[in-house]
Amino acid sequence: MTTDNAAPHGAVLTDTPPGGERPLVELRGAGKSYGTVRALHGIDLAVHAGRVTCVLGDNGAGKSTLIKIISGLHQHTEGEFLVDGTPVRFTGPREALDRGIAAVYQDLATVPLMPVWRNFFLGSELTKGPWPFRRLDIARMKKTADEELRAMGIVLDDLEQPVGTLSGGQRQCVAIARAVHFGARVLILDEPTAALGVKQSGVVLKYIAAARDRGLGVIFITHNPHHAYMVGDHFSVLRLGTLELSAARSEVSLEELTNHMAGGAELAALKHELAQVRGVDVEELPDAPAPGSRPAPSEGDG
Ligand SMILES: Nc1ncnc2c1ncn2[C@@H]1O[C@H](COP(=O)(O)OP(=O)(O)OP(=O)(O)O)[C@@H](O)[C@H]1O
């Protein structure tokens with residue numbers, strides 16, 4: 001693999017998709033409750049081909065719930081979820097995959113002792129020969145894996161090496177190339193840089209940009225505003241299950257994005273603490289008064 005750590009964002013970005021094109025995936029006022037727990041509420045999100053939509057948020061903000069809805073693991077309980085402009089309600093990840101929506105999770109489903117090429121085709125092996133003599137088409141799998149990885153700019157020295165010997169960043173890149181090969185149009189990346197050092201994160205960000213440049217709509221889930229800003233076209237910050245910020249790149253600076261994240265984390269932690277002390281649900285707490293606003297008059301005020 002190249003360890004070239006060049007800036008991942010080579011292309012000049014524009015904020016509005018060309019020709020007002022229809023989003024691949026869209027949420028309109030979508031939400032999800034688990035019993036009485038309202039994990040997500042009133043979310044608007046649009047994912048366009050050839051663009052990276054970053055979803056940021058602290059622990060418990062609702063990021064996992066959001067990607068579970070889009071990847072077909074859970075169903076939304078409010079609002080609308082549309083794919084190619086049509087409302088959908090997936091009953092499982094297979095249905096999402098059939099519509100070209102693929103999720104790459106942090107704990108990648110790979111077999112560490114198997115070679116890279118074998119992992120690339122895991123569960124979708126190529127075979128050859130007539131039944132009952134059908135057997136694995138090893139040569140074609142190796143060649144295809146090599147071509148797909150190269151097309152994404154990923155150069156590994158040896159596809160025979162066990163996937164367990166690759167770095168975390170390299171494994172993420174192989175998973176991205178695999179999803180692209182198997183027809184993903186929308187790629188959901190769940191905190192792909194969370195466990196990585198600076199250099200490996202740079203490599204993964206570079207391949208996120210490569211997936212975008214191949215025309216995929218990428219949903220990049222992250223805690224890290226710096227990583228988001230390196231590749232993002234749009235930023236959605238979640239806080240306690242609601243959309244705290246939704247802004248195109250031209251509308252928000254890295255500093256503002258970082259402040260949103262930092263402020264959000266602090267406020268969320270305080271609210272959780274307060275809710276615990278009072279023994280109430282976080283949503284039952286009143287919003288904090290705006291800075292400089294007058295306190296509400298108490299009884300007896302004259
Ligand atoms: N299966 C579930 N049953 C009940 N509550 C849930 C369930 N899954 C999530 N929640 C609640 O929904 C809220 C949002 O959780 P979610 O996991 O989506 O957040 P997150 O942003 O992904 O957090 P993290 O970064 O910690 O994974 C939390 O309050 C969580 O406790």
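Tutor: Two strands count as paired when DSSP finds at least two bridges between them. Helices (H or I, at least four residues) and strands (E, at least two) are DSSP runs, numbered from the N terminus. This is a predicted model, in which local features need pLDDT of at least 70 and side-chain atom pairs count only at pLDDT 80 or more, while totals for chains, interfaces and linings use all residues. Residue numbers start from 1 along each chain as its sequence is written.

Student: What makes the four strands an open sheet, and in which order do they lie?

Tutor: The order is β2-β1-β4-β5, with antiparallel pairing. At its edges are β2 and β5 (86-87), each of which pairs on one side only.

Student: Which strands does β3 pair with, and in what sense?

Tutor: Strand β3 and strand β10 (residues 217-222) are parallel, over six bridges. Five bridges join β3 to strand β11 (residues 234-239), also in parallel. Within these pairings, Thr 53 is bridged to Ile 219 of β10, and Gly 57 to Leu 238 of β11. In general, strands of a sheet pair through backbone hydrogen bonds, either parallel or antiparallel.

Student: Why is strand β3 called largely enclosed?

Tutor: A residue is buried if 20 or more other C-beta atoms lie within 10 Å of its own, exposed if 12 or fewer, and partly exposed in between, with C-beta atoms placed from the backbone. Seven of the seven residues of β3 (residues 51-57) are buried, so the strand is largely enclosed by the rest of the structure. Arg 51, Thr 53, Val 55 and Gly 57 point one way, Val 52, Cys 54 and Leu 56 the other way, and all are buried. In a regular strand the side chains alternate between the two faces of the sheet.

Student: What makes helix α1 largely enclosed?

Tutor: Seven of the eight residues of α1 (residues 63-70) are buried, so this helix is largely enclosed by the rest of the structure. The buried ones are Lys 63, Thr 65, Leu 66, Ile 67, Lys 68, Ile 69 and Ile 70. After α1 comes Gly 72, with a positive phi near 85°.

Student: Which residues surround the ligand, and what puts them there?

Tutor: The test is a C-beta atom, placed from the backbone, within 6 Å of the molecule. Tyr 34, Val 37, Ala 39, Gly 57, Asn 59, Gly 60, Ala 61, Gly 62, Lys 63, Ser 64, Thr 65 and Gly 241 surround the ligand. Helix α1 gives the most to this shell, three residues, and β2 (37-47) and α1 each supply at least two.

Student: How many residues of the shell are nonpolar, polar and charged?

Tutor: Four are nonpolar, seven polar and one charged. Here Ala, Val, Leu, Ile, Met, Phe, Trp, Tyr, Cys and Pro count as nonpolar, Asp, Glu, Lys and Arg as charged, and the others, Gly among them, as polar.

Student: Why is Gly 164 called exposed?

Tutor: Gly 164 has 12 other C-beta atoms within 10 Å, and exposed means 12 or fewer, so Gly 164 is exposed. This glycine sits in the loop between α4 (138-151) and α5 (168-181). Leaving aside neighbours within four places in sequence, Gly 164 is in contact (C-beta atoms, placed from the backbone, within 7 Å) with Pro 112 and Leu 113.

Student: Is Val 111 buried or exposed, and what does it touch?

Tutor: With 12 other C-beta atoms within 10 Å, Val 111 is exposed. Val 111 belongs to the loop between β6 (101-104) and α3 (116-120). Not counting residues up to four places away in sequence, Val 111 touches Asn 119, Leu 122 and Val 163.

Student: How confident is the predictor, and where is confidence lowest?

Tutor: On the pLDDT scale, the predictor's confidence in each residue from 0 to 100, the protein has a mean of 83, and 82% of its residues reach 70 or more. Confidence is lowest in helix α8 (residues 254-278), at a mean of 74, and highest in strand β4 (residues 78-83), at 97. Over residues 288-302 the pLDDT is below 50.

Technical notes. Contact = placed C-beta atoms within 7 Å.
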